[in-house]
Amino acid sequence: MNPFTFTQASDVDAALARLASGARPIAGGTNLLDLMKEGVMRPGELVDINGLGLDTVEEANGGLRLGALARNADTAYHPLVRERYPLLSAAILAGASPQLRNMATNGGNLLQRTRCYYFYDVGTPCNKREPGTGCPAKDGLNRLHAILGTSEHCIATHPSDMCVALRALDSVVHVRSQRGERDIPFADFHRLPGDRPELDNTLEPGELITHITLPDAARFRAHSAYIKVRERLSYAFALVSVAAALDIQSGTIRAARIALGGVAHKPWRVEEAEEALVGKTPGLETFGAAADIVLRGAKGHGQNDFKLTLARNTIEQALTTAARGTEYAKGEQR
Ligand SMILES: Cc1cc2nc3c(=O)[nH]c(=O)nc-3n(C[C@H](O)[C@H](O)[C@H](O)COP(=O)(O)OP(=O)(O)OC[C@H]3O[C@@H](n4cnc5c(N)ncnc54)[C@H](O)[C@@H]3O)c2cc1C
Ligand code: SF4
């Protein structure tokens, strides 16, 4: 590991001053420390942001406000989240392991980096790690990789589960720097790789995520589901995941949300597919037609060709499960 200095900020202004001089914030450290050990990230200074008082989960404007430093476990098990946003709770609990969720924070979850094997291996080229060196995943090991929104420069996926639910629920990311405050709709927070695969998101240098807000989602409470398909039941990233939520009144769909993880460089959502469900009766044929719209233009790269079928099936399954009624997560180990 490279030498680095370590400071602890006791308030947001102090943290922003360190960030303005190039320090990297450390929250739970569950991704950053791994990246530093592998030599993928080499910050000269770490500033600990755990003491900023940004760790609350509370009601705000009829919706929800999640502190950036609230732990994933505390968020998933918070009564407000469990009762009013069961989709978010389920997505968080589908990620990582109980120990990791106890440490990982909400802000850090949004900023975790791809799990592409080449990105972590500094002995190989990788456009995301070292722009201009190439993308060996395109013709190599790409079982985990994207089928939508890729570019010739990068086919990596964003690995978060929590972010898939946040995208489905129209969240907003609130950031601060010494230049002021900014609100970023979740749809605009993560990027597609394009010709700048080294940029995962639209956060600018010196910016700190302070909190995330979610609008009221009462109409989706009774019919939501997060389905994650992975190699094993715990401690594995999604091959494909789907967050689905339906507003069903008198047997008819009034509104729908469908977001996918494990298929693109950002949580994937196609509003046209959701609109196609409005006014319809829940059913496999209707759900399959919506899945086809979501997956328009999807393309495999060899080892991940199976995701084309898997994604369609998972969308159908998530919508079918949501239509049956929300299954509240119970008894998960902390
Ligand atoms: C073995 C393993 C399995 C995992 N499985 C899953 C899984 O299945 N699903 C899933 O979703 N995740 C999974 N994860 C990832 C885990 O959820 C993330 O590592 C975690 O959410 C990151 O949060 P953190 O607080 O530890 O971030 P850190 O590691 O502290 O930081 C991550 C990045 O965010 C930056 N940062 C942190 N907070 C802020 C802030 N407030 N403002 C600006 N920048 C900030 C840091 O500088 C750093 O670049 C897994 C991790 C491991 C190690
Ligand atoms: S997919 Fe992206 S992260 Fe993986 S090797 Fe290619 S450029 Fe690097």
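Me: What should I know about the model before I start?
Reply: The model is predicted, so local features need pLDDT of at least 70 and side-chain atom pairs count only at pLDDT 80 or more, while totals for chains, interfaces and linings use all residues. Residues are numbered from 1 along each chain as its sequence is written, chains are lettered from A and ligands numbered from 1 in the order in which they are written, and side-chain values use heavy atoms, with hydrogens and water left out.

Me: In what order do the strands of the sheet with β1, β2 and β3 stand?
Reply: Strands of a sheet pair through backbone hydrogen bonds, either parallel or antiparallel. Strands are DSSP runs (E, at least two residues), numbered from the N terminus, and two of them pair if DSSP finds at least two bridges between them. Here the order is β1-β3-β2, in an open sheet with parallel pairing. β1 (5-8) and β2 (24-26) each have a single partner strand, so one side of each is left without a neighbour in the sheet. From one strand to the next the twist averages 30 degrees; axes are lines fitted to C-alpha atoms, and angles run from 0 to 180 degrees between N-to-C directions.

Me: How many bridges join β1 and β3?
Reply: There are 4, in the parallel sense, and β3 covers residues 45-48. Phe-6 has Leu-46 of β3 as its bridge partner.

Me: Which strands are at the edges of the antiparallel sheet?
Reply: That open sheet runs β9-β10-β11. Its edge strands are β9 (224-229) and β11 (252-261), and the twist averages 15 degrees from one strand to the next. β9 pairs with β10 (residues 240-249) over 6 bridges; Tyr-226 has Ala-243 in β10 as its bridge partner.

Me: Which residues come nearest to ligand 1?
Reply: A residue is near a molecule if one of its heavy atoms lies within 4 Å of it. Around ligand 1 there are 33 residues, of which Pro-25, Gly-29, Thr-30, Thr-105 and Asp-161 come nearest. A polar backbone atom of Gly-29 is 2.7 Å from an oxygen atom of ligand 1. For Ile-209, a backbone N or O atom lies 2.9 Å from a nitrogen atom of the ligand.

Me: Which residues are closest to ligand 2?
Reply: Of the 14 residues around ligand 2, the closest are Cys-116, Cys-126, Cys-135, Cys-154 and Ile-155.

Technical notes:
Polar contact = N/O pair within 3.5 Å; in protein donor to acceptor, adjacent residues only side chain to side chain.
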